[in-house]
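Look at the model as a whole before turning to single residues.

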Amino acid sequence: SVSQYAAGIYHPPKVDIISKIYHPFRKERILLKKSLLSKDKRDFFMVPVVGVEPTRYRYHWILSPARLPIPSYRRMTNGIIPYSDSKIKGFFEYVVPPLEGFWWMEGIEGVDYSDKSKFSWISVIRLPDFVTEDREVSNMLVEWQTEWVEKYDIDYYRVDTVKHADDTTWKAFKNELTKVNPEFKMIGEYAGSGYATHAGQLGTGQMDSILDFDFNDKALDFVGGNLSGIESFMEARNTGINNTATVGSFLGSHDEDGLMFRMVNERGFSEDKAYDLMKVAATFQITAKGQPVIYYGEELGQTGANNWPIQANRYDMDWANANDNNEMLVHYKKLLDIRNDYTDVFAKGSRNTVKLDESNGVLVVSRNYAGQALYVGFNVNQTEAKDVEVSLNAGTTYTDLYSGNAYTADKDGMVTVTIPS
């Protein structure tokens with residue numbers, strides 16, 4: 001019922017103290033100072049909710065009576081809230097992210113994801129930018145985030161929208177995190193970045209890694225048959241990154257069409273063929289240098305369009321299909337086991353072409369590190385498996401880590417392996 005929540009509209013007054021916000025980790029009220037707000041001092045909303053499972057539809061149900069923007073990616077037009085005649089003074093068009101706010105559970109250690117009704121949460125709408133150029137603000141944020149690492153044994157941070165905070169803040173943040181844990185790492189999201197276009201975030205005492213926005217397009221071209229061109233790019237990429245300045249490769253995200261969806265709708269593949277080629281793309285991703293960033297559901301064969309306001313790419317996780325009868329999941333698990341067993345080879349090793357037959361859709365590459373060599377075979381042929389002959393060391397036995405089969409090179413060093421379509 002409406003009594004389960006309280007809604008408030010906060011108008012920043014001309015005083016130092018603007019409002020109080022709940023800080024879930026410190027279990028206390030934290031004062032938001034005026035210097036925390038963006039320079040235009042736009043109004044913002046806070047909606048505290050207790051004991052309501054935070055699904056898209058419940059969000060809609062809770063926020064609609066308050067005549068607030070509905071965080072299921074509904075756009076407000078000219079400041080008029082959908083399904084109402086309410087209008088906010090000085091409004092500008094925007095889309096509200098569904099999880100903007102603060103989340104915690106009372107009376108338990110950590111989070112019990114099996115019962116989401118235990119969540120307490122505050123939806124924060126039109127949240128002002130932190131003015132990190134103000135050192136008082138920057139220092140406070142660095143203190144908060146570093147404290148979380150100390151108290152809650154956090155291993156890494158994935159940092160959103162890196163470009164919206166100044167470089168000095170990121171450097172100070174990295175310094176403080178390193179004092180707590182010298183091995184602590186951060187991967188940042190900087191829209192449009194890649195291994196050669198990282199906007200100065202790598203190797204400068206800021207991010208340890210950034211998301212690679214080139215990668216999913218390259219993967220699409222790769223499974224589409226452009227083996228030589230993409231492999232040339234991958235070898236340059238492999239040389240251009242290292243374990244102190246690296247990139248996270250992704251095939252899909254909440255802001256982009258899923259890769260299988262793109263194969264069908266941009267390249268004209270059948271759904272069955274797109275499913276098979278998704279396995280090739282996963283191999284391309286997991287055996288590449290850098291950090292494989294797997295968008296939830298890809299490992300189950302899920303995909304969808306980035307089609308606002310439906311957002312089919314933000315599907316519910318298909319837990320019922322998360323079992324060993326799922327070919328895609330079995331494929332991912334095998335590849336990740338191999339990656340974990342040979343992490344130094346994939347994370348640090350060189351990359352070279354061993355066999356390229358673009359007309360037949362076949363590529364074999366080697367990954368080498370500290371005297372250890374692994375060979376990765378790709379087949380993007382749309383109709384059939386391919387026998388691939390490669391020249392290795394005569395009389396040496398090679399094990400297929402994926403199938404477990406063993407192959408021995410003949411006296412001339414030739415080995416023939418069948419790569420499925």
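What share of the contacts in the protein chain with a separation of 6 or more is accounted for by residues 24 or more positions apart? The share is 60%, where contact means heavy atoms within 4.5 Å. This is a predicted model, in which local features need pLDDT of at least 70 and side-chain atom pairs count only at pLDDT 80 or more, while totals for chains, interfaces and linings use all residues. Residues are numbered from 1 along each chain as its sequence is written, and side-chain values use heavy atoms, with hydrogens and water left out.

The protein chain has nine helices and 18 strands. These elements are DSSP runs numbered from the N terminus, helices being H or I with at least four residues and strands being E with at least two. Of the 421 residues in the protein chain, 43% are buried. Buried means under 20% relative accessible area, exposed means over 50%, and partly exposed lies in between (1.4 Å probe, protein chains only).

Start with two helices, α2 (residues 135–152) and α3 (residues 167–180), which pack at about 30 degrees with axes 10 Å apart. Axes are lines fitted to C-alpha atoms, for helices over the stretch in contact, and angles run from 0 to 180 degrees between N-to-C directions. The angle makes α2 roughly parallel to α3. Angles under 35 degrees count as roughly parallel, over 145 as roughly antiparallel, 65 to 115 as roughly perpendicular, and the rest as oblique. Residues of α2 including Val 142 and Val 149 meet residues of α3, among them Ala 172 and Phe 173. By class, this contact of α2 with α3 has six nonpolar, five polar and three charged residues. Here Ala, Val, Leu, Ile, Met, Phe, Trp, Tyr, Cys and Pro count as nonpolar, Asp, Glu, Lys and Arg as charged, and the others, Gly among them, as polar.

Another pair is α4 (residues 215–223) and α6 (residues 259–267), packed at about 55 degrees with axes 11 Å apart. That angle makes α4 oblique to α6. Among the residues in contact are Ala 219 and Leu 220 of α4 and Leu 259 and Met 263 of α6. The classes in the contact of α4 with α6 are five nonpolar, one polar and five charged residues.

Now turn to the interior. In soluble globular proteins, nonpolar side chains tend to be buried together. A nonpolar core is a set of buried Ala, Val, Leu, Ile, Met, Phe, Trp, Tyr and Cys residues joined through side-chain atoms within 4.5 Å. The largest one has 55 residues, of which Tyr 157, Phe 222 and Met 263 touch the most other members. Helix α7 (residues 271–286) gives the most to this core, with eight residues. Apart from this core lies another, of nine residues, including Val 390 and Tyr 398.

Arg 339, in helix α8 (residues 327–341), is buried, with a relative accessible area of 9%. Not counting residues up to four places away in sequence, Arg 339 touches several residues, among them Ile 286, Pro 292 and Phe 346.

Last come two backbone angles. Most residues other than glycine have a negative phi. Thr 161, in the loop between β7 (156–159) and α3, has a positive phi of about 45 degrees. Ala 199, in the loop between β8 (185–188) and β9 (209–212), has a positive phi near 55 degrees. Thr 161 is partly exposed at 35% relative accessible area, and Ala 199 counts as partly exposed at 42%.
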